[in-house]
Amino acid sequence: MLTEKDFITTSYKSIDAASFEWSAPSNIALVKYWGKKENQIPANPSISFTLNNCKTITKLDVIKKSETNSFSFDLLFEGKPKEDFKPKIQKFFERIEKYCPFLKEYHFKIDTQNTFPHSSGIASSASGMAALAMNIMSLEKAINPTISDEYFYSKASFLARLGSGSACRSIKGEVVVWGNHAEINGSSDLFGVEFSEIHPNFKNYQDTILLVDKGEKQVSSTVGHDLMHNHPYAERRFAQAHENLSKMKAILTSGNTAEFIKIVESEALTLHAMMMTSMPYFILMKPNTLEIINKIWKFRNETQIPVCFTLDAGANVHILYPENVSVKVLQFIQDELVDYCQNGQYICDQIGNGAKSN
Ligand code: PMV
């Protein structure tokens, strides 16, 4: 079992220059992470589907420099310099320097783009931090070629976590657990691990993301997680996440879609209930979020098609369903739900395999 100390790199050689490119997808949690301790340690374990189409593609050019006092990097977003992203990257480098002491020896050009529309309300921090972490691990592999594949991917997830907690679930697929859980072998608070006992019912599971509100996030996730400190229901909620993860483990293994729906929808509403009952309090759903939820319930009742919703910390709705009912569900979305989406926009995605080297 890898521990924090194992991720501190001590011996490595030097290279003059190199280029790497990785893509990493977004992910959608089934059992949610909400609340954290020091050093990006989650207050409870979570499990997510790794997505396939919503991803960040990041190219990293590395050049050796002589001065080693500070981090040095240029940041391009969609080919153009993007100064407002730089503080986040600077902070990320500061957090991971202990584990990657070679960073100050190089100048970096980070060239990044997303496959999903900018300001769609889809968080790019998970895919973005995961793609950057993979590139940094490619550099580590170049200067320390003996590292194993297991170490490479675990440390990538470990570094991504330090960038943005849920990013550690975007390295691998198709289903990833992050956070210690008594029933999940190898699970860790430090990095995400693949959960592989998946029933064929969940193969190619679909996620259609309805873009209800594309505005700036009302509550940043840093502020959001902080709301769980001194929250009146925090301890019960953290215990519930452990219980729901036990149930989800059995559900994913047995293929029970009816039970899957219950846990997934309850987790989404609980996440929002935590925000509504914190101090200060927030309502992140919009009227159209509720309209969509009610339409999904009605459609499910009438057709018995196992379609359900989940939410992240915003107004958008993720609709989850098996591949074999896609035609009917997409027709339902077209007929009854697009009117509730901003500019009629939605994104079709599905379960994917994690980060890829391009
Ligand atoms: O990774 P963060 O700090 O942006 O937090 C993400 C939290 C949720 O998306 C609301 C839930 C989750 O588990 O992904």
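Predicted model: local features only at pLDDT ≥ 70, side-chain atom pairs only at ≥ 80, totals over all residues.

Entry 1: Residues are numbered from 1 along each chain as its sequence is written, and side-chain values use heavy atoms, with hydrogens and water left out.

I began with helix α6 (residues 257-276), which lies across β11 and β12 and runs at about 30 degrees to β11. Helices (H or I, at least four residues) and strands (E, at least two) are DSSP runs numbered from the N terminus, and contact means heavy atoms within 4.5 Å. For angles, axes are lines fitted to C-alpha atoms, for helices over the stretch in contact, and the angles run from 0 to 180 degrees between N-to-C directions.

I then looked up the sheet, which is open and has four strands in the order β11-β12-β10-β13, paired antiparallel. Its edge strands, each pairing on one side only, are β11 (308-311) and β13 (346-350). On average, neighbouring strands of this sheet are turned by 25 degrees against each other, direction ignored. Two strands count as paired if DSSP finds at least two bridges between them; β10 (residues 206-210) and β12 (residues 317-321) pair over five bridges in the antiparallel sense. Within this region I found Q206 opposite Y321 in β12.

Entry 2: H225 belongs to helix α4 (residues 221-226), and, leaving aside neighbours within four places in sequence, H225 is in contact with Y33, W34, G35 and K36. The C-alpha atoms of H225 and Y33 are separated by 8.8 Å, although the two are 192 residues apart along the chain.

The residues surrounding the ligand (a heavy atom within 4 Å) include Y33, W34, S166, R169 and H225. An N or O atom in the H225 side chain is 2.9 Å from an oxygen atom of the ligand. For R169, the corresponding side-chain distance to a ligand oxygen atom is 2.7 Å, and a polar side-chain atom of S166 lies 2.6 Å from an oxygen atom of the ligand.

Definitions and conventions:
Polar contact = N/O pair within 3.5 Å; in protein donor to acceptor, adjacent residues only side chain to side chain.
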